Amino acid sequence: MLKSSVRPCRTMCAVYWFLDLIRAAPNILKAASRRLFSATRVQAVSTMAADEEVVGTVKDQLAKLFEESLRVTVPDQTDTDPLIAACNPRFGDYQCNNAMSLWTKIKGTGSAFTGPQPVGQAIMTNLPRSEMIESCSIAGPGFVNVKLSRQWIAKSIQKMLIKGIETWSPKLRVKRAVVDFSSPNIAKEMHVGHLRSTIIGDTLARMLEFSNVEVLRRNHVGDWGTQVSISVCLRVCMHIYVSVYLFVSSDLACINIIAFYKASKQRFDSDPGFKERAQQAVVSLQGGKEKYRKAWSQICEISRKGYEKVYQRLGIVLEEKGESFYNPYIPGVLEELGKKGLIEESEGARVIFIEGKKYPFIVVKSDGGFNYASTDLTALWYRLNEEKAEWMIYVTDVGQREHFEMLFTAAKRAGWLPPGDNSYPKANHVGFGLVLGEDGKRFRTRSTEVVKLVDLLDEAKSRCKAALVERGKAEEWTEEELEQTAEAVGYGAVKYADLKNNRLTNYTFNFDQMLNDQGNTAVYLLYAHARICSIIRKSGKDVEELKKTGALVLEHPNERALGLHLLQFAEIVEEACTNLLPNVLCEYLYNLSGHFTTFYTNCQTSPNRWCCQSLVAFVLWGQRRRQADSCCVKRLQRSCGNASIYLVFGQSTRYDILGEDSSHLQKDFDNYVWAHDYRYYAQCIRHCEKVKDCARTVQYRSDI
C-alpha cells in the first residue's frame, strides 16, 4: 500500500488505481451523465519525456526476456517466438510454453537435450536477470512458471499513477483504421436491430483509439437503395414534395417520413406498375436527375435528424459517408476491376465469380443499376487509396457474413488486399447475433412490430428513474441530477448487457436482469465506481499529492492480486482489439471489481475518528434462533488477522456460539463483553467505543 511520513487511508491508492482503469477502459458504460461515470475519451499522448518510454504489456516485457533466453538455449531455432501466457495462480503469474514445441523440432538432431523438461530447465536457467521476476519454477513437460516481483508490480503501478493511464496503452501494428458501424437506412426509423452494431462498433472504436490508433468512424447509411427510391418514386410520380412542416426540428418530421415510407412500401408490394417505376427511380437517382435528387435530399435530411437524436443519447460520434458518397467513384472502380479480368457478363448483369460460392458477386444489375456489392467494393477501394486505412472493420449482423467474404475475396483477387489474413492492410467482418425477446424469438413489440430504439432507451431511463425515486433520491437530488443519473444507469445498462456477451451469440433482452445491481451488470460497476468516489471524497486526502509523495508497498496477498490484475489491463485491451471482442474487456472490469472488493474487505484502514490499530466486532444475537452460527466467529477470526477483537453478544447465546467450554477460543480474542439482554446492546456499543485503538465496527448477526 501507499506509505508516506503520515500513513494515509490504506485503501486510497488502490481506490485510485481502480478509478484510473475504469475511466481508461474505453468508456464501455459511457452515458450522458457526468455524475456517475466519466465520459471523457482518453486521448493518446503525443509527446513524452525520454524517460517515459512505453515498454509494452507484461507479456511483451516477459517475451523480451525469454527471447534472449531462447537465443542462448537453441541458437539454431531463429524463428522461434516466445509463447507467453497467464497461468494458474497456484504455480505463478505467467508461463513460457516453448519447451514442448522446441523438443519436437530438435529431437533426433543430435541435441544434448533428452526431453522437453530439460529444454524448459535450460530456458529458465538462461533467463537474464530482471527486477520484474521474483522466482521461476518448472512444471510438467517443461513449462516455465514465472512469479512477478511484488516490488516491480508496485513500481509499475506507481509509474502509471504519476505518468497517466495512457502509458499502459497497448502498441498495435496498425496506425489508422476505419470502423464501419450503425448504418441505418434512410426513410426508416432506427430499431433494436441497429442496437448491437451501434454499441459494438463504438466500443471497438474506443478501444482502438485508446491503443493510439487513428480511427475513422464511418456511418455507411443506406441512402441510395430501393428503400429510398420507393419513397422518392411516390413523391415524384404523385408530384408531392416534402411540405415545409416536415423540416422543423421535431419528432413530427421523422414520424411523417416513416409513415410515408410505409405507405410507399405497401404500394410497392401491391402495384406492379409502381414497383417497376420505383426500380427505375434507382437508376434515375443514380444518374443525377434533378427532381429525383431533390426529393431524395429532403428525405435524407429528415431521417438524419432522427438518427442524430439517438446518437446524442448514446454518446456516439460518427461521420456519415453513406452509399451515395461513393456513387461518383463506382464507374472508375468497376473499370479497374474489368481491366484486371475480374468482371464477367452473366444473364445481362455484370458479376465477379467467387470460387466456392454458389452465386456470383453481382456488381451491376441487369437494369444497369448499382447495388450493395458495387458500393461496398468502391468504399473499400476508397478507404484503402484515399483514406489510407490499414484496417477496415465492418460491424453488421452475422447474416451478412457471406456478402463480406465475397467482398474481401474480390479485393484480394484485385490485389487490393494481401492473400493472408494476418497481413496489413486487412479487412474484417465483425458479425453479431440477434437480440431476442423472453420468448426466444426476435425482440418485437406485442403487435409483432420491431422495437424502436428510442422507445427502448426511454423505457430503460424510466425504470431507472423509478428505482431512484423509490430509494428516496428525489428528495436528495435536483431534478436535473435525477434525470442525468437515470440516463447514465439506464443507457449504460443497455450497452453493457450487450457488450458482456460474446458478440457472435444471440442474447435475450431483459430489463430486470440488466438493471440488477448484483452480478455482472452495468449497475453493479457504476455503483462500485460511485462508492469509490465517495471513499476518496470522504477521506479528505489530496490524491494528487499522495501520488507524488507516497510509495506503494504490496504487503497483503489481496493487495498483490489486485496489483497484478491492474497490470494486465493493457494486454486485455490488446486481446480485445486483436480479436474484436468487447466482452473480454467487460469480463476484466467485472473481475477487477471483484478483486477490489476482496482487497477492500481484507485490507481496511478506514480514516475515521479512531486510530487505525484494531477492530471492534459485534456479534448480535438472534431472538428466534437458538443455535447460533459458529461459522461467523471463524469468519471473524479470518478477516481480523492480528487485530484486537472485542466480541459482543448476549448471555443467552454465549454457549451456543462458543460452547460451554470456551477456553480453547480464549487465546484468540483480547476481550469478551457480555450483555444479558438485547436492550443492553447500546450500552455495549458505548463500552467498546471507549476502548482505545478501535478502528471500525463490523456487525455480524448470528441469525443470518
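Analyst: Let me begin with a pair of helices: α22 passes α23 in a right-handed crossing, where right-handed means that the near helix is turned clockwise from the far one by less than a right angle, and left-handed that it is turned anticlockwise. Helices here are DSSP runs of H or I with at least four residues, strands are runs of E with at least two, and both are numbered from the N terminus.

User: Which residues make the contact between α22 and α23?

Analyst: On α22 they are F569, I572, V573, E575 and A576, and on α23 they are V584, L585 and Y588, with contact meaning heavy atoms within 4.5 Å. By class, seven of these residues are nonpolar, none is polar and one is charged; Ala, Val, Leu, Ile, Met, Phe, Trp, Tyr, Cys and Pro count as nonpolar, Asp, Glu, Lys and Arg as charged, and the others, Gly among them, as polar.

User: And at what angle do the axes of α22 and α23 cross?

Analyst: The axes of α22 (residues 569-579) and α23 (residues 582-602) cross at roughly 155° and come within 7 Å. Axes are lines fitted to C-alpha atoms, for helices over the stretch in contact, and angles run from 0 to 180 degrees between N-to-C directions. α22 is therefore roughly antiparallel to α23, since angles over 145 degrees count that way, under 35 as roughly parallel, 65 to 115 as roughly perpendicular and the rest as oblique.

User: Is this predicted or experimental, and how are residues numbered?

Analyst: It is a predicted model, in which local features need pLDDT of at least 70 and side-chain atom pairs count only at pLDDT 80 or more, while totals for chains, interfaces and linings use all residues. Residues are numbered from 1 along each chain as its sequence is written, and side-chain values use heavy atoms, with hydrogens and water left out.

User: Switching topic, what is the strand order in the open sheet of three strands?

Analyst: The order is β9-β10-β11, with antiparallel pairing, and two strands pair if DSSP finds at least two bridges between them. β9 (344-346) and β11 (361-364) are the edge strands, each with a single partner, so one side of each has no neighbour in the sheet.

User: How many bridges join β9 to β10?

Analyst: Three bridges join β9 to β10 (residues 349-352), and S346 stands opposite A349 in β10.

User: Which helix lies across β10 and β11?

Analyst: Helix α14 (residues 401-413) does, running at about 70° to β11.
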